[in-house]
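Here is a short briefing on one protein chain. Keep the sequence and the structure open while you read.

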Amino acid sequence: MASTSRTRTGRGRGRGRGRGGRGGGSSSLPPPPSTLPLIIEEFFIVIYEDPLVKKALPKKFADYLDGQEPAKVYLRAADCGPRLWTVEVLFDGQGWMYLDKGWENFAIAHGVDFGCFVHFKYEGDDVLTVKVFDGTMCRKYYYSDDEGTDDESDDDVKPCIHPL
């Protein structure tokens, strides 16, 4: 019985060499992380406590906005029409940024509850596009019957409609 040459991983010769083939360095390697510019445009929060109270956003995102600290942001639910939800922002002086007044209405309308993952994408101009994932890690999809209205009144809570 002829023996075959195998590597420690059980793969035959010529396989499993990974990227880059036979070495020789590449000039197209990305720069080390410390030299990359800080660009924070997507992040998420996990709802571990009351989903209706103010929510802290990651410190790195607050640092990214340093010097541009908005008094409010506009939340747009992905796939829920053009409606913008106005949410006041608080900064605590220690680097933390919070979604405050207006967050409760957004959370109610989009079914944000305990165990949800809420994904944010910063679009610029103080606009954040939001996707909500439930406790099973599946995204909640919504549509809106609003025709191009934006949220000027905190009393006007029209929920997005979750299709069955």
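**Val132 and the strands around it**

Val132 sits in strand β7. The model is predicted. In it, Val132 is buried, at 4% relative accessible area.

**Around Val132**

- Leaving aside residues up to four places away in sequence, Val132 touches His110, Val112, Cys116, Phe117, Cys138, Arg139 and Lys140.
- Gly111 is 21 residues from Val132 in sequence, and the two C-alpha atoms are 8.2 Å apart.
- Two cysteines are among the residues that Val132 touches, Cys116 and Cys138.
- Cys116 is buried, because its relative accessible area of 2% is under 20%.
- Cys138 is partly exposed, with 44% relative accessibility.
- How many disulfides does the count come to? The count is zero.
- A disulfide is a covalent bond between the sulfur atoms of two cysteines.

**Overall layout**

- The protein chain has two helices and seven strands.
- Along the sequence the order is β-β-α-β-β-β-α-β-β.
- Of the 164 residues in the protein chain, 30% are buried.
- Among contacts with a separation of 6 or more, 55% join residues 24 or more positions apart.
- The accessible surface is about 11,100 Å². Carbon and sulfur atoms hold 51% of that surface.

**Strand pairing**

- Which strand pairs with β7 in the parallel sense? Strand β3 does, over four bridges.
- In that pairing, Tyr74 stands opposite Val127 of β7.
- β3 covers residues 72-77, and β4 covers residues 85-91. These two strands pair in the antiparallel sense, also over four bridges.
- Five residues lie between the strands in the β4 and β5 hairpin. In this hairpin, Gly93 has a positive phi near 85 degrees.

**The two faces of β3**

- In a regular strand the side chains alternate between the two faces of the sheet.
- Which residues form the covered face of β3? They are Val73, Leu75 and Ala77.
- The uncovered face of β3 carries Lys72, Tyr74 and Arg76.

**Aromatic rings**

- The structure holds eight aromatic pairs.
- The rings of Tyr64 and Tyr122 form an edge-to-face pair, because their planes stand at 85 degrees and the cut-off is over 60. Their centres are 6.2 Å apart.
- Tyr64 belongs to helix α1 (residues 59-64) and Tyr122 to strand β6 (residues 117-124), so this pair ties together parts 58 residues apart in sequence.
- Is Tyr122 buried or exposed? Tyr122 is buried, with a relative accessible area of 14%.
- Tyr64 is partly exposed, with a relative accessible area of 28%.

- Most residues other than glycine have a negative phi.
- Asp125 has a positive phi, near 50 degrees. Asp125 lies in the loop between β6 and β7.
- Asp125 is exposed, because its relative accessible area of 72% is over 50%.
- Met137 also has a positive phi, near 70 degrees. Met137 lies in the segment after β7.

**Confidence**

- The protein chain averages a pLDDT of 77, and 64% of the residues score at least 70.
- Residues 5-12 have a pLDDT below 50. Beyond near neighbours in sequence, this stretch has five contacts in the model.
- Residues 148-155 stay under 50 as well. For them the model has 13 contacts beyond four places in sequence.
- Where pLDDT is low, the predicted coordinates should not be read in detail.

Technical notes. Residues numbered from 1 in each chain as written. Predicted model: local features only at pLDDT ≥ 70, side-chain atom pairs only at ≥ 80, totals over all residues. Heavy atoms only, no water. pLDDT = per-residue confidence, 0-100. Contact = heavy atoms within 4.5 Å. Buried < 20%, exposed > 50% of the residue type's maximum accessible area, 1.4 Å probe, protein only. Areas by Shrake-Rupley, 256 points an atom, 1.4 Å probe, with all protein chains shown as cover. Pairing = 2+ DSSP bridges. Disulfide = S-S within 2.5 Å. Phe/Tyr/Trp six-rings, centres within 6.5 Å; stacked < 30°, edge-to-face > 60°.
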